[in-house]
Every structure is written in C-alpha cells, then in structure tokens.
Amino acid sequence: MRTILITGQGGTGRTTVAAATALNAAREGTRTLVLTADRTDTLGAVLGVPTGPDPVEAAPGLTAWRPDAAARFRDDLTAFQRRATTALDLLGASRLDAEEVTPLPGAEELALLRALRDAALSEAYGLLVVDLPPAPQALALLALPEELRRYLRRLLPPERQAARALRPVLGRLAGVPMPAEWLYETAGRWDVELAAVQAVVEDRATTVRLVAEPGPAGIDAVRTAATAFALRALPVDGLVANRVLPSATHDAWMGSLAAQQRKALDEWRESFTVHEVPHRGHDPRGTDDLAALPVPGVNTAPTPVEWPVTDRLADDGVLVWNIPLPGAIRDELDLIRRGDELVVTVGQFRRIVPLPSALRRCTVAGAALREGELRIRFTPDPGLWPRGK
C-alpha cells in the first residue's frame, strides 16, 4: 500500500489538496482511503459528504474517515481502569465513568495514528492519503511512535523483566515492590501497537507532500519543513503550490502579488518538484470542483531517504556518516553522542537515532555541513575495532 502524508503551511488548503489527490487516484482505479484528524468536518465540507467515526464512501473507489478521538480515549481509559483495579483500590481511587471523560489535548493525533495503523493492516486499500495538521504539529505526530517506544524501552526494558516466581523474593531483597506483571504486559502491547504505526510511517512506499502558498511566509515554512522531514528520513515527493494567481492582470495590486508568487515559485523549483494549483476564485466544494484541480498523481517509484556510511579508512582513516539535511543552517545544528545513540538537533527539531553497528565501535572525530548534507567523521576505537581492519 502506498501512503501519502499531506502537510505544509497552515491555512493553505491542505485538506482540499488531500481530498483532490485521493479523488484523482480513485478515479484512476486505485482503491483509496483519505484520512483526517480534524475535530471539525473540513474534509466532509470539501468532499460534499459528511465524514465521521465510521468510514463512508465519498465517491466510487474513495472512502473517507475521520476517527472519533473522544470515543477512543474513553475506551482506552476504561480499559486501563480495569487492568489497574488492584493498584487503584490500594490508592483508594474512585473510578471515572465513561460519560464524564473528555479527550485530552493530543487525543485527535493519537486517534489518527491508530486509524493509520488499522487502515494499513486491513489491506483494503491501494492508497492511503493522510490529511495531517500543519508541518510543525505533523512532525511531532509522526515522531511520536519512535519516541514513545524509546521511552518504554528505557523505563521498562523487556530483558530486565524478572520471572514471575522470583518477583516476591526480589521485592523483599530490594525493599521495594516489583513492577506488576500487568505493567509489563501493557508496555508490551503498546510497543507492538506503536511499532505497527512506525512501520507505516517509515515504509519505503510512504512519502510526504507539502502544500504551501507561494510567498515569503511559504518559503520559510517549506524550508523548515523540508529540513525537519529529512531529519526524520521521510522523503518529500513534491510541493503543491496552492492558490497561484494568474501572471497576466491589469490590477496593480494583484500584479504585485502575482510577481511575488512567481519569485517564490522560481526559488522552490531549485529544490523541489513543484506542482502549481491555480486560484479558483472560490473554495472548492464537491467532487466536481476537486476533479478540476490539477493536483499531482501518485509517484509509483518513490525515492527513499538514505543515510549511507562511506568507508574512507584506507585514505583518511575514518568512516563518514552522510545525513542529508537540505536547508539546515550551521548555527542551528547540534550533535551529542550518548552511548550508541546520536542526538541530532536542527533548529527546533531533535531526533535521537541509533548508530549503525560499525560506528558504535568508533569515536566521533568531527562533523561538517556541506551542500545540505551533514557529514560526521568516525575514527575506529582500537580497543573495540577488529584487528587487521
């Protein structure tokens, strides 16, 4: 299954582009699902068909789905209370009824991740189009499975789970209660669920498509988003320049705005495959309006982002880890090694990545940012490197 994650600059018609992309694919014969996490039914307004917690057919071959975050949150909390009955009774805690539970901030995003996983596992669709929030929120959302799994491994390492028969003895020796079995079982179940979502996000057939209006704000938003997605090794397969004004106009103010847009488009073409969607003079509504939008089709051969390690031991005595970071600024770049992990910070975005196995036996010798690529040099540690290598 192909997955296209659509995000970009806020307020630029991302949902409209997502709906048009999905409709275009469905009309070409691909069974398609368009998915959104919006609390309000923006997707339904664009498609002309109300959407909600149950998938609906928006057009032949096209299904639309807006998961109910409140219902999923209530189900999760109710299930947690059932599993933690003993602990809650010891604390004297009173239960929350499902009717009094309202979703916390972030519940919509979690519901979207689960729906993403469920859609992928169902194998019912050839294409999944995901209408994500604006780029900064989308990046935090997509990073969540990887980061939560890392937290779980650090807090409750599976390899340190003691055998059930030894728990009372270990508890008395340590002088503190041992973690209950249900805690490890819950952590294990979460890890499996998060791994399934992470697999969809990191799949080689998953790509990102950015949407922005050409102009100074759009230039800044696209540059930041492209760097951040590169940090997450997510390929950007194109940039949809939405609401492009006609070049020829007799109105001086419109002409100035159109010229500003052309300048932004020229700059974007140096780094992206740009698809122009003209301004229609109104907000598209319904499948006829969406079909008239010249959105790009599905890239049948996406190019994944690679972070290769170059062997320069014979010439320079180093291994070089090449990390593409287009648009990165040297002053906003920071690197910290923590054991077998590398903490990479680019502006407001940070990612903790495991080192490739060969680099774990090396020490960091330096780094440089060249032509949009971070090149980190590693020197083999004589105490860990195999002899004769």
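Two strands count as paired if DSSP finds at least two bridges between them. In this predicted model, strand β10 (residues 318-324) and strand β15 (residues 373-380) meet that condition, with 6 bridges in the antiparallel sense. One of the residue pairs can be picked out by eye: Val 320 has Arg 377 of β15 as its bridge partner.

The pair belongs to an open sheet of 4 strands, ordered β9-β10-β15-β14 and paired antiparallel. At the edges stand β9 (309-312) and β14 (362-370); each has a single partner strand, so one side of each is left without a neighbour in the sheet. From one strand to the next, the twist averages 25°.

For the setting of this sheet, consider the whole chain. The protein has 12 helices and 15 strands. Of its 389 residues, 43% count as buried. Among the contacts between residues at least 6 apart in sequence, 68% join residues at least 24 apart.

A second sheet is also open, and its 3 strands come in the order β11-β12-β13 with antiparallel pairing. Here the edge positions are taken by β11 (333-338) and β13 (349-354), and because each has a single partner strand, one side of each is left without a neighbour in the sheet. Neighbouring strands of this sheet are turned by 15° against each other on average, with direction ignored. Between β11 and strand β12 (residues 341-346) there are 6 bridges, and the two strands run antiparallel. Within this pairing, Asp 334 stands opposite Thr 345 in β12.

Which strands does α6 touch where it packs on this sheet? The helix touches β12 and β13, and its direction makes about 35° with that of β13. Helix α9 (residues 216-231) packs on the sheet as well, touching β12 and β13, with its direction at about 15° to that of β13.

Helix α9 also contains Ala 230. Is this residue buried or exposed? The cut-off for buried is under 20% relative accessible area; Ala 230 has 9% relative accessibility and therefore counts as buried. Leaving aside neighbours within four places in sequence, Ala 230 is in contact with Trp 307, Pro 324, Leu 325 and Pro 326.

Two packed helices are described by the angle between their axes and the distance between the axes. For helix α5 (residues 107-122) and helix α6 (residues 135-155), the axes come within 10 Å and cross at roughly 65°. Angles of 65 to 115 degrees count as roughly perpendicular, and α5 and α6 are therefore roughly perpendicular to each other. Their crossing is right-handed. On the α5 side, the contact is made by Glu 109, Leu 110, Leu 112 and Leu 113; on the α6 side, by Leu 141, Leu 144 and Pro 145. Sorted by class, the contact of α5 with α6 has 6 nonpolar, no polar and 1 charged residues.

Methods
Residues numbered from 1 in each chain as written. Predicted model: local features only at pLDDT ≥ 70, side-chain atom pairs only at ≥ 80, totals over all residues. Heavy atoms only, no water. Axes fitted to C-alpha atoms, helices over the stretch in contact; angles between N-to-C directions. Parallel < 35°, antiparallel > 145°, perpendicular 65-115°, else oblique. Left-handed = near helix turned anticlockwise from the far one by under 90°. Contact = heavy atoms within 4.5 Å. Nonpolar A, V, L, I, M, F, W, Y, C, P; charged D, E, K, R; others polar. Buried < 20%, exposed > 50% of the residue type's maximum accessible area, 1.4 Å probe, protein only.
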